[in-house]
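Work through the exercises below with the sequence and the model at hand, trying each task before reading its solution.

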Amino acid sequence: MTLKHAAKRGESTAAACALCELEANHSVVFDMSELEQRAFVDAFNADQVSITRHWLDVLDGTRKLTDLSVNADEMLPLVEVFGTDAAKLETLRRDRLKRLSKPVRPKTSAKFERIALQLAVVLQRRPVELLTAADLERLALQWQEDGNTATTIRDKLTILASLITPVSEAGGTLCKRFVPRTALMHRKRHPFTGKELQAFRTAIEDRELPEDDVRLVELMTLTGARLGEVLQLKATDIEHLAGNQFSVAFSDDEHTLKNGTSVREIPIDLTGLTEFRKWIDARVASGQRLFPDATPDKYGHFGNAESKRLNRTLRMISSDRRLVLQSTRNTAGVNLRRAGVDPRVRRRLLGHADIDIHDRHYDPAELLTAEDLMCAAPTLNSLVIDTQPARSEMTS
């Protein structure tokens, strides 16, 4: 009733306060003639009455709460006045990479683009510089409703922070603070044991999958290479050295590799692997790709179909989701370390330039077993022995 009376009298106090708040919060100035101000006050008062009536309808149950949301076209188009449009965040990132002569990876760019567009939907016509915690709350809720896990939401918020920080340090900081600080530990991949690798091979054969699947797992284990790297190999990438010794070359001339350190040549020993030797000789003789049935996705990456097929097979022998096809890389690294192979050789074989990356992801300390720790026992034993009193002192 009070609002209706204010509308009839044409009171301007509430409208003036709203204008002052908008100017203060969004760094804008409204320049209106007296006639325009009068029209604004009338429209503002009428809207207050209308909104109040709608709220009463919601409370009475005759109207849905979602009906009260403001239409995007009716919002103040601040993004057209100042600031950065969220939908352009990935474009700006690509431009920065190009200026620095860094590669733009299509698959990564597409993922970042989706996240930026999802933020744009939440912000509507507001710029990134006006991002609030409520916006992030709404975005995280939307991701949760889409089926994203807590870990995935955390990763998306981290990506969002990297996109926003160059244009708004405050917005980037807000994203980082919004990232859950709970103990969401990354699930480290586990290496295969000998029995698990044998059971995996048996499961592949029991399902009557192509022989290429068996050879794929074997070649990944022999080289410690990534799935996509192996699937791209051609006959010309295999060189027969002598006897059962071969060299496998991963080059960036015709292959899509992860980074510069992925370019490498790896020797493999096929002694005792009679069936594998026959298979690779036949594929080299064909002059074609080693895995001709493998096809790339729209980004040119290989391995989607093979990964799904073989990981489904792997679940038949193990319910531990830390054991995956890519665990063959971890298996190679762990076994080389246990054999005392030079750390530089291990990193070079797996295509790692950074020892921290290598240890953190492929041979982390928390996965060391009692067998690994046993090597420390003799050293500590010697330490205790050396501190024992001399025999003459013990017998005196």
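## Exercise 1: Cysteines

The structure holds zero disulfides, a disulfide being a pair of cysteine sulfur atoms within 2.5 Å. This is a predicted model, in which local features need pLDDT of at least 70 and side-chain atom pairs count only at pLDDT 80 or more, while totals for chains, interfaces and linings use all residues. Residues are numbered from 1 along each chain as its sequence is written, and side-chain values use heavy atoms, with hydrogens and water left out.

## Exercise 2: Asparagine 45

Task: determine whether asparagine 45 is buried or exposed, and what it is in contact with.

Solution. First place asparagine 45 in helix 3, residues 34–60 (helices are DSSP runs of H or I with at least four residues, numbered from the N terminus). Then read its relative accessible area, which is 3%, so asparagine 45 is buried. Leaving aside neighbours within four places in sequence, asparagine 45 is in contact (heavy atoms within 4.5 Å) with Ala6, Ala7, Gly10 and Glu11. Lastly, a polar atom of the asparagine 45 side chain lies 2.9 Å from the backbone oxygen of glutamate 11.

Conventions. Helix = DSSP H or I, 4+ residues; strand = E, 2+ residues; numbered from the N terminus. Buried < 20%, exposed > 50% of the residue type's maximum accessible area, 1.4 Å probe, protein only. Polar contact = N/O pair within 3.5 Å; in protein donor to acceptor, adjacent residues only side chain to side chain.
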